[in-house]
Amino acid sequence: AEGPLSAAEIAAKAGSDAKLVERLMYACAANGVFKLAPASGLKRPASDETQRFVNTALSAVLRVDHPNSMRGMVGHTYEVNYASWGRLAEVFQNPTGPIAWDLANPQYPSAQGGMFSKFEFLPESEEQFARAKTALDGLAVDAMVADGPFLKFSRVIDVGGGRGNLLHHILTANPSLTGVLIDQPKAIKL
């Protein structure tokens, strides 16, 4: 984290318009996503040009270096799922027609790999997906381990398990089990 930044500094980093970013930052601050930093060294209230914004607990988890980072989940949801959700009404209007993913991503049809075929052309999206899975594990792994009927089995196979976070927690909670992790090598290396 770089510390307090002005709307102009944030806009420059994002390649956006400073006035639009300023409006967004004030709206976010009004809703607790960011907060206004104290204007250090100023004898008068900060003007818009000198006003700085800092993270709150809500926005801190959007940093990639946060131990409970949700950045990958938010980015993946926007990049991969948002357009599909926007087509959901069409699916209900035509239930025998294409699924929402195929409507939003006709160049990557689900019958030909869907999201995973898209990742072949956009490796940065695949990396973000892996980070999203890790974030999801962090949110729900304890509940999944507690609720799973794992002791009915002697071996657990986690297909598409990324770096093995869920499998690790299952095996730690159930030491009599063995486990196998299956994923693409690049997902495991992340």
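**A chat about the model**

Tutor: Let's start with Gln 51, which lies in the loop between strand E1 (34-36) and strand E2 (53-55). Helices (H or I, at least four residues) and strands (E, at least two) are DSSP runs, numbered from the N terminus. This is a predicted model, where local features need pLDDT of at least 70 and side-chain atom pairs count only at pLDDT 80 or more, while totals for chains, interfaces and linings use all residues. Residues are numbered from 1 along each chain as its sequence is written, and side-chain values use heavy atoms, with hydrogens and water left out.

Student: Thanks! Is Gln 51 buried or exposed?
Tutor: Gln 51 counts as buried, at 9% relative accessibility. Here buried means under 20% relative accessible area, exposed means over 50%, and partly exposed is in between (1.4 Å probe, protein chains only).

Student: What about the overall dimensions of the protein?
Tutor: Its C-alpha atoms fill a box of roughly 70 × 45 × 30 Å, taken along the principal axes. The radius of gyration is 22 Å, whereas a compact globule of 190 residues would have one near 16 Å. That radius is taken over C-alpha atoms, and the globule rule is 2.2 Å times the number of residues to the power 0.38.

Student: How many helices and strands does the protein have?
Tutor: There are 10 helices and four strands. Along the sequence they follow the pattern α-α-β-β-α-α-α-α-α-α-β-α-β-α.

Student: What share of the residues is buried?
Tutor: Buried residues make up 31% of the 190. As for the surface, the accessible area comes to about 12,500 Å², and 59% of that belongs to carbon and sulfur atoms. Those areas come from the Shrake-Rupley method with a 1.4 Å probe; for residues, only the protein chains shown count as cover.

Student: Let's switch to charges. How many salt bridges does the structure hold?
Tutor: It holds six. A salt bridge is a side-chain nitrogen of Lys or Arg within 4 Å of a carboxyl oxygen of Asp or Glu.

Student: Why would such side chains pair at all?
Tutor: Side chains of opposite charge can pair when their charged atoms come close.

Student: Which residue does Glu 127 pair with?
Tutor: Glu 127 forms a salt bridge with Arg 131, and the closest N and O atoms are 3.0 Å apart. Both residues sit in helix H8 (residues 123-147), four residues apart, which is about one turn of the helix. Glu 127 is partly exposed, with a relative accessible area of 38%, and Arg 131 is partly exposed too, at 36%.

Student: Nice. And what does Lys 133 meet in a salt bridge?
Tutor: Lys 133 meets the side chain of Asp 183, at 3.5 Å from N to O. This pair links distant parts of the chain, 50 residues apart: Lys 133 is in helix H8, and Asp 183 is in the loop between strand E4 (178-182) and helix H10 (185-189). Lys 133 is partly exposed at 24% relative accessible area, and Asp 183 counts as partly exposed at 22%.

Student: What is the partner of Asp 65?
Tutor: Asp 65 forms a salt bridge with Arg 63, with 2.9 Å between the closest N and O atoms. Asp 65 is partly exposed, with a relative accessible area of 48%, and Arg 63 is partly exposed at 25%.

Student: Now something buried in a strand, please. Where does Val 156 lie?
Tutor: Val 156 lies in strand E3 (residues 155-159) and counts as buried, at 10% relative accessibility.

Student: What is Val 156 in contact with?
Tutor: Leaving aside neighbours within four places in sequence, its contacts include Phe 150, Leu 167, Ile 170 and Leu 177. Contact means heavy atoms within 4.5 Å.

Student: One last stop: which helix holds Ser 84?
Tutor: Ser 84 is in helix H4 (residues 71-85) and counts as buried at 9% relative accessibility. Beyond its neighbours within four places in sequence, Ser 84 is in contact with Ala 100, Trp 101, Ala 104 and Asn 105.
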